[in-house]
Each structure stands twice: as C-alpha cells, then as structure tokens.
Amino acid sequence: MATAAPQIEGASREEGKGESIWDRFALTPGHIDGGDDLAVACDHYHRYADDFRLMRELGVRHYRFSIAWPRIFPDGHCAPNEKGLVFYDRLIDSMLGQGITPWATLFHWDLPQRLEDEGGWRSRTTAAAFRVYADAVVKRYRDRVTHWMTLNELPSFIGNGYGKGHHAPGARETRKGLNQCYHIALLAHGEGMRAIREHGGSGARAGIVHNPNTPVPVTETPGDIAAARRQYALETAQLMAPVLAGNYPEEWLEREGANRPDIAPGDMELIGERTDFLGLNLYGGSFCRAREDGSPEPVALPVDYPRASLDWLNITPQVMYWAVQHAVEYYNVKQIYITENGICERDEPEANGEVLDLGRREFYRNSLLSLQRATAEGFPVKGFFAWSFMDNFEWAEGYGKRFGIVHVDYATQKRTPKLSAQWYSRMIAENRVL
C-alpha cells in the first residue's frame, strides 16, 4: 500500500514544518481545482495510529510512505527540525507496532519553498541540500527502516513542474533548462543512494521510483515487440540509462545538442551508484508497431478509448507485463517492485454507506493478472504497492479525484473501506488474484 506525505499528512505548518512548493502553489488562486490546499488533507499527521490499525485490519503488511523534506529541514538546509524527526519516529514505530514494514521514500515532490527561491531543481545547491537531508534521515531511521526509495517520478515533478507548469512550482523552462533540472534531480538520487550505502547498514536496500511511458506492441510478433522496445529505449534514454547504465546514451546527447545538460566531473559516477531494485509506477501506457523498415511507429489511442476520470489515465493493464519485460531485457534490471498502480473514480457512498468502486476492483484485478503473466515467465517482480491506501490530495486536481481503496469524508475525516478494499484484503489473505 502506498501514500505520500504532502497528499495525506496535513498539519502543513505545525511543529516547525516549513513551507513546501506545493503549499505555496496550492494557495495561489487558479492552480488547484476547487481552490483546495494541503493544510488538513487527510489529517494523517494526527490520525496515523488509527490509519495503521485499519491497514492491519485489511491485512496490509508493507507500506510505502514518504518523509516530508520541509518537515525535517524547514528551509531546505541548515539545522534539522527535531520535532519533525520525532514525528517520523512516532510514525515508524506505530506502523511497526502493527506489524507493517516501512518503505520510505525520501522525496515525493514537496521541495522546501526556500530552496525553490534559491533556484530549485535548476541549481546544484538543491542536490547539495538533498545530500544533507538524506544523511540526516537515513542516520535517524536506519535502525527501523531497511527499504528506501530516493526520488519519486522525475517526469512528473520535473516535467510537469518545470516544463508544462501545471504542477508546483509552475515553471516553464527552456529545453536546456529542463534538461538541467532533470540532471540535478538525478544527482540528488545519487546523493540519496550514497547516503543509504554509507549510513543505512548492511541490510539496507534502495532504488529509484520511475514512471516511464510503456509502449505496448500492437501485436505480439517479433517485429512489433522489437519496435516497442526501441521506442522504450528512446523514451527512457534521459532518465533510466544514467541510473541503470551509468551514462546518457550518445544518441540522446547528439539529439539534444546545445540543449544537453551541463555535466561536471564525477556526476555520472554519482548518478550511476548501484541500486538494488527499480520501482515502477504504472498506470496507463501507449501502443506501438513496426513500420516496414522496422522502426517504431506510435499508434494513437482513439478519442473514445476507455479512460479513468483523468485524461492521462487510459485503461491498459498490459503495461504491467511490458514495463517489466522492457526494463529487464533492455536494462538488465535484477529486481522490480510495482510501487504504484491504481485508478481514480468519482466514488460516492451509497445510501447504506457502501462505496461500490467496482471499476477500481476490475482495474486492479486486470493489472494483477497481467503482472502474474510476467512473474509466471520468470521476470523478477518482488512486490506490488496499490495506489492508494486512502483518498487524498490529487495534486492540481485537488480532492475531487479519488484514488483510495479507503474512502475519506473530508468534512468528518471518516474512513470507509470500499468494495476494492474488501476484495484487496481477501486477496492478501488468500495470496491469489480473486
């Protein structure tokens, strides 16, 4: 099961927490649907003990959460906030007390606003600040946390935040500037891996979480499969190759020309620090086929292709199989965790209080059947985290889009397990897709 701190915690300025770019972005009129903000969210900051009891009732044994950088370093660097560190002491101890294994994500988009004011992901100062933050967090929790993830979804927090501008901080950089932002974020990943290697202990395991587009071959023929893999290589060259192969492909550098990032000595060695696993956030994908010359031809989805209540989330459960196969066969990845998978719907309780999110149940079931195909063929998938445990702040869409298997009444903070939660709980208990 998975969540992220800014989407569920609330308490946005309590006990010394600093302002994040999402706190600022949400309070700027016109950025968030409905004018929603992160001040209260799911009030998990005060209700975590009850939430972990509910997780245990559902049979959840592994929980992916994130640590809020501005709760630990309110201005991004300088002295750590002891109250913030103590909060995560309590949080981790509480989940362990319920028999739940913590999987900690160091960065899930909530950059301290002070660092953004100093350049944000455009500046190496941010990677240097992340080094200090990662050291402090890993040292503090290494006795209780052995599973770590460095950064979550570079294409989202850089691409949407510094490219398209519809996520925090709402910037629109040049292509050169955007490539540099990606490079600085990759350096931060390297600093996170270094901190875990140096301070996490011999049992620590860590990786990055990525959300690559997954090209699905239109037909499972050698030509279309090869074309889909070629398209995957093209689309992942900038972000996956440096982490998994230790370099930017020459073809990509030549294509970017003057827009390539500025690479300092030692950068690629830091970025390419060995990872133990790859985390994949998988929702929707695309289709691809081979042209007559064998080159990849993306095939557009028709306008009436099935989608969730967000335009970008098309219903393509095949991505669970092909994302795994591509990563293993192209990058020789040895271990994969599906770190997010889910769907948003406009879930509302029935008159009797039930939330019958059958569409979500079907989405999960079909996704897991596709994933079972990968494991049956021997691909090294080691775990699956559903997104998300409960409804939460869905970034620019606010609270109107619901991804949880547990319904949240934001007025009362009442939690109600949905049909999907009941099915998921039984599936865990029986260890099979029902």
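Tutor: A word on conventions comes before the features. This is a predicted model, in which local features need pLDDT of at least 70 and side-chain atom pairs count only at pLDDT 80 or more, while totals for chains, interfaces and linings use all residues. Residues are numbered from 1 along each chain as its sequence is written, and side-chain values use heavy atoms, with hydrogens and water left out.

Student: How many helices and strands does the protein chain have?

Tutor: Helices (H or I, at least four residues) and strands (E, at least two) are DSSP runs, numbered from the N terminus. Here the protein chain has 17 helices and 12 strands. Its radius of gyration, taken over C-alpha atoms, is to be set against the globule rule, 2.2 Å times the number of residues to the power 0.38. The value is 21 Å, close to the 22 Å given by that rule for 434 residues, so the chain is as compact as a globular protein of that length. Along the principal axes, the C-alpha atoms fill a box of roughly 60 × 50 × 45 Å.

Student: What share of the residues is buried?

Tutor: Buried means under 20% relative accessible area, exposed over 50%, and partly exposed in between, with a 1.4 Å probe and protein chains only. Buried residues make up 60% of the 434 in the protein chain. As for contacts (heavy atoms within 4.5 Å), 76% of those between residues at least 6 apart in sequence join residues at least 24 apart.

Student: What is the volume of the largest pocket, and which residues are closest to its centre?

Tutor: On a 1 Å grid over the protein atoms alone, a cavity is a set of points where a 1.4 Å probe fits but cannot get out, and a pocket is an open set with protein on both sides within 12 Å along at least five of seven lines; lining residues have an atom within 4 Å of a point. Grid points are joined across faces, edges and corners, and a volume is the space filled by probe spheres set on the points. The largest pocket has a volume of about 1200 Å³. Its lining has 44 residues, of which Pro 155, Ser 156, Asn 160, Lys 164 and Asn 211 are the closest to its centre. Helix 10 gives the most to this lining, with four residues.

Student: How does the lining of the largest pocket divide by residue class?

Tutor: Ala, Val, Leu, Ile, Met, Phe, Trp, Tyr, Cys and Pro count as nonpolar, Asp, Glu, Lys and Arg as charged, and the others, Gly among them, as polar. The lining of the largest pocket holds 16 nonpolar, 19 polar and nine charged residues. In the second largest pocket, with about 720 Å³ of space, the lining divides into 13 nonpolar, six polar and three charged. Helix 16 (358-376), strand 10 (381-384) and helix 17 (419-430) each supply at least two residues there.

Student: How is helix 17 placed, and what does it pack against?

Tutor: The buried residues of helix 17 pack against helix 3 (44-58), helix 16, strand 10 and strand 12 (414-417). Among these buried residues are Trp 423, Tyr 424 and Met 427. Just after the helix, Asn 431 takes a positive phi of about 55°. Tyr 424 and Asn 431 are also among the residues nearest the centre of the second largest pocket.

Student: How many cavities of 30 Å³ or more does the search find?

Tutor: The search of the whole structure finds three. The largest cavity has a volume of about 80 Å³, and its lining divides into four nonpolar, three polar and five charged residues.

Student: Is Ala 168 buried or exposed?

Tutor: Ala 168, in the loop between helix 9 and helix 10, is buried, with a relative accessible area of 4%. Leaving aside neighbours within four places in sequence, Ala 168 is in contact with Ile 21, Trp 22, Phe 25, Phe 157 and Gly 161. Ala 421, in helix 17, counts as buried at 1% relative accessibility. Residues up to four places away in sequence not counted, Ala 421 touches Leu 58 and Ile 405.
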